[in-house]
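Hello,

Here is the structure I promised to pass on to you. Have a look at it first, and then read on for what turned up.

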Amino acid sequence: MKPLTKLLYFICLNNFLEMCMSTSEHDQVLSITVSTQDHVDIMQNVTSHNGTVLWQPASPSYITTNSEVHLYVQSTSVELVTQLLQQHQIPFTVLVENTEELVEMQTRNDSSDPRSGGVYHERYHSLEDIYFWINQTGQDHSDMVKVIDIGSSFEKRPLQVMKLSGRRGAVNRAMWMDCGIHAREWIAPAFCLWFVNYALRFYNHNSEITEMLNNMDIYILPVMNPDGYKYTWTTVERMWRKNRSVLKEGSECVGVDLNRNFDARWCTKGASNDPCDPTYCGQYPESEPEAEAVAKFLRSHKDTVKLYISIHSYSQMLLFPYSCSYDEAPNHNELQLELVKEASTKIRRYYRNHYKYGAGAKTIYLAPGGSDDWAYNLGIKYSFTFELQDRGRYGFLLPPSFIPQACNEALLAVKIIALHVMKKT
Ligand code: ARG
Ligand code: ZN
């Protein structure tokens, strides 16, 4: 018997059978306060159980004493999990009482429906919509946008990069931004689309974006993990994180964490070599076509790309290397004091919202194999991972009405950093 089953069996013996079998009507998200090592052990058991998906932290192995765990629980497991928590006196609150309602808000996409946001960039979009938009935008703005195929996903979907440039001659400086490396983080692709739209609309109207586009090329990969993104839109697994690569025929678990698949102390502490873990590192560095395509592109453009940004959610953080070790990056003080601290202060001032900032390993957890550390070691000395809104109220189910502010906050940080990089390189 698996440990959780054993615990549940115990509860069932001590309760009425009908209570034990009863279920909640809805999938829920619980916020659980973990204090003791006992709690940690129980939570690691619970989260390896099928009816739950960890929101925070990303993997059961990251659960520590004195931490806040956000756990998605399927309706059929709500009763079991909450009973277990009560039995062991582990305090919890219900963060989201009805996740279906929020999923419905995120996927309601009919612009003729007055309840859905009218504006394209204030809504979430299916993968097909995004591909259509990328190519339409490339056609409509052929003077500023070039669509480049940099490879394809495991399921053979194209990885399309939008190259944005001002109306001017060639320059030898560039920045890169990818969104949606993790499937369930829907605000990330939404930000890439938002950013492209903003750049095209405000070129020659806003001085900062104009300066950026006049002095560098901006490479945008709106959906780095298209297979995973599609999967979260079309199956019940809204909370899927990894890509969809099938290791061997018949292997029971699918998918590699693309942000553990890069060659930066690959698969050391903070990543998992278990294919069933949400932070599975893959069979070798760049084993995944999505990671390989990005790495290949950046290797071949490393003399021009001066800034790397990867967009994730949630938790509101502005991070820079290293995440793969506790070492301090050579330009740590510049990244910390002149860039992310500055950006966080401005976000607080203009938007009254709090963003944590710092080196990845010290700010969240050790996480080797990340794209930001790899890009940094390639020589891109300005390398960042942003975690956008929120801090857990809605988590991955952030309603569309929050898209504008979430994107404006991130845009502010991108501008501050990009303008600094242009001055320094
Ligand atoms: N939440 C992100 C992850 O777990 C954090 C990324 C920070 N950077 C990194 N290289 N791990 O992937
Ligand atoms: Zn992520």
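A word on the record first: UniProt annotations may be inferred rather than shown by experiment. With that in mind, the unreviewed UniProt entry marks Glu387 as "active site". Please also remember that this is a predicted model.

Where does glutamate 387 sit? Its place is in strand E12, which covers residues 382–388. Is glutamate 387 buried or exposed? A residue counts as buried if 20 or more other C-beta atoms lie within 10 Å of its own. Glutamate 387 has 23 within that distance, so it is buried. Beyond its close sequence neighbours (those within four places), glutamate 387 is in contact with His312, Ser313, Tyr314, Ser315, Gln316 and Met317.

Strand E12 belongs to an open sheet of eight strands with mixed pairing, in the order E5-E6-E8-E7-E9-E12-E10-E11. E5 (145–152) and E11 (356–359) are the edge strands; each has a single partner, so one side of each is left without a neighbour in the sheet. From one strand to the next, the twist averages 20°.

E12 and strand E10 (residues 317–320) run antiparallel and are joined by three bridges. Leucine 319 has threonine 385 of E12 as its bridge partner. Helix H10 (residues 289–300) packs on the sheet, where it touches E5, E6, E7, E8 and E9.

Finally, the ligand. The residues surrounding ligand 1 include His312, Leu319, Asp372, Asp373 and Thr385. By class, this shell has four nonpolar, six polar and two charged residues.

Enjoy exploring it!

Key:
Residues numbered from 1 in each chain as written. Chains lettered and ligands numbered in written order. Predicted model: local features only at pLDDT ≥ 70, side-chain atom pairs only at ≥ 80, totals over all residues. Near = placed C-beta within 6 Å. Nonpolar A, V, L, I, M, F, W, Y, C, P; charged D, E, K, R; others polar. Helix = DSSP H or I, 4+ residues; strand = E, 2+ residues; numbered from the N terminus. Buried ≥ 20, exposed ≤ 12 C-beta atoms within 10 Å, placed from the backbone. Contact = placed C-beta atoms within 7 Å. Pairing = 2+ DSSP bridges. Axes fitted to C-alpha atoms, helices over the stretch in contact; angles between N-to-C directions.
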